[in-house]
Amino acid sequence: MPTSTPAQAALLPVEGAGLQVPLAGGGQVEYANLDYAASAPCLEAVADHVRRVLPYSASVHRGAGFASAVCTSLYEGARHDVARFLGARAEDAVLFTRNTTDAVNLLAHAVASTGTGGAGGAAAQVVLFDLEHHANLLPWRRVGARCVTVRATLGESLEALDAELRAAPVRLLAVTGASNVTGEAPPLRRLARLAHDVGARLFVDAAQLAPHRRIDMAALGIDYLAFSGHKLYAPFGAGVLVGRADWLDTAPPYLAGGGAVREVGAASVDWATGPARHEAGTPNLAGATAIAAACRTLAEITPEVWRDHESALRDRLLRGLAALDQGAPGRVVVHRIWPENSQPEDGASDGGRAQGVGVVAFSLPGHDPGLVSAYLSAEHGIGVRAGRFCAHPLLARLGAPGGALRASIGVGTTSAHVDRLLVALEDYLRTGPRLSYHQRDGGWQPVRDERRLPAWAEQYAQVPGQSAGQVGAALAPCGT
């Protein structure tokens, strides 16, 4: 059911555009990737950059050879590209981590270990909402965070948060930059003011915000920020923590090992300061330089063009889902944290309302989201996410404790991808799947699945008890 709005082409070229995938009933179709929120495809510019770097692959910080000098320059230069992309302050530290989860755990370690009462417990003095992704929830729980229950409206939620910030000493407010479930992005400038008014700092989990909007840390008042390369079109196994250096320089090293030290004696160690203090071991050069390349490429897009491209696609999807529900209300439920703030606004996430980025969660009541996602893949070549999105408390609050469906878009998404999803959902609601499905290993699969892995991949994907190359053996169940 295509909408009447103008068609949207991809904003930037990504690896895998035009990829042909098999259908369970036979034949092939171009893959419609609507699962950017889990892992975004690699930008072509990023892949090209990494290919240029690989011939020089050598030790970073530890070699006298020319290749090592090139790698060290690229690695350290990547910090500057990331800082510029995020509008960081000149004195902010840029640390490379494994992913956002690793970055949050590193900051939690630093916050807890530098508290006035010693490591852990009340020394952390952290406040957060209960809507967070597990990566921005569990590390803070471990150090005794105080969790504020989200209220029915954003205004009421901010009032409750302000009251909690003033109720007892607090050092850090930890918030999501954009929900990985609903795409709603709270007003960060206002949150920064609430934190700073009580002498606290603001940490933003930008895993979903950075791939969708330009961020200016200094202008918004963000003290710390983290994101993952695999969500920012640089899937080479790296993440970033950026922010004020004092807590990081004071905290014990996150990892003990080579590279994090100045001098080691028989019974003593003089730890380094700066990023090296927490980056022990051989660093991930490909991951760091890929993130830097993604930042440079995305920075070339005019922020308004980037926002308008995504907003048009998100609105197209929301209107299409609403149209599916018109004939029989209740067939489609779009999940929102604050329903009165469902429409995106212009500008950065700094106004008085929540805005929306290209992430939409929805349910078809009475239909298992795992079955629907399996149907979309097997019969239409569409990739979406089904499950609880590593946000169990939030899904329970939204009335979907068993999970939901999530469609997410990015710079490689086109209006044709969105329209294919809407047509496939309409067919499902009208006539149901054409194929028969059964549950296996916790997930849904077609009873007869003719799809096979690419021939080159079969030899690397042997699963005990499964036929070589069988797609079902590689499919994960409806995840957490």
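Confidence comes first. The chain has a mean pLDDT of 91, with 90% of its residues at 70 or more. Where pLDDT is low, the predicted coordinates should not be read in detail.

The largest nonpolar core holds 85 residues, and V82, I215, F227 and L298 have the most contacts inside it. The element that gives the most to this core is helix α9, residues 285-299, which supplies 9 residues. Another core lies apart from it and has 32 residues, including A32, A378, A386 and L421.

Beyond its neighbours within four places in sequence, F227 is in contact with V82, L86, T100, A206, A207, A210, L232, G239, V240, I291 and C295.

Now the empty space. Rolling a probe the size of a water molecule over the atoms shows where such space is left. The second largest pocket has a volume of about 300 Å³. It is lined by 24 residues, of which H133, N180, A207, Q208 and K231 are the closest to its centre. Its lining is made up of 9 nonpolar, 10 polar and 5 charged residues. A207, one of the residues closest to the centre of this pocket, is also among the contacts of F227.

The model also has 3 cavities of 30 Å³ or more.

Last, the backbone. Most residues other than glycine have a negative phi. Y233 has a positive phi, near 65°, and lies in the loop between β10 (224-228) and β11 (239-243). Is Y233 buried or exposed? Its relative accessible area is 1%, so Y233 counts as buried. C390 likewise has a positive phi, near 55°, and is found in the loop between β18 (385-387) and α12 (392-397). The relative accessible area of C390 is 23%, so this residue is classed as partly exposed, given that buried means under 20% and exposed over 50%.

Terms used. Residues are numbered from 1 along each chain as its sequence is written. This is a predicted model: local features need pLDDT of at least 70, side-chain atom pairs count only at pLDDT 80 or more; totals for chains, interfaces and linings use all residues. Side-chain values use heavy atoms; hydrogens and water are left out. A nonpolar core is a set of buried Ala, Val, Leu, Ile, Met, Phe, Trp, Tyr and Cys residues joined through side-chain atoms within 4.5 Å. Buried means under 20% relative accessible area, exposed over 50%, partly exposed in between (1.4 Å probe, protein chains only). Helices (H or I, at least four residues) and strands (E, at least two) are DSSP runs, numbered from the N terminus. Contact means heavy atoms within 4.5 Å. pLDDT is the predictor's confidence in each residue, from 0 to 100. On a 1 Å grid over the protein atoms alone, a cavity is a set of points where a 1.4 Å probe fits but cannot get out, and a pocket is an open set with protein on both sides within 12 Å along at least five of seven lines; lining residues have an atom within 4 Å of a point. Grid points are joined across faces, edges and corners, and a volume is the space filled by probe spheres set on the points. Ala, Val, Leu, Ile, Met, Phe, Trp, Tyr, Cys and Pro count as nonpolar, Asp, Glu, Lys and Arg as charged, and the others, Gly among them, as polar.
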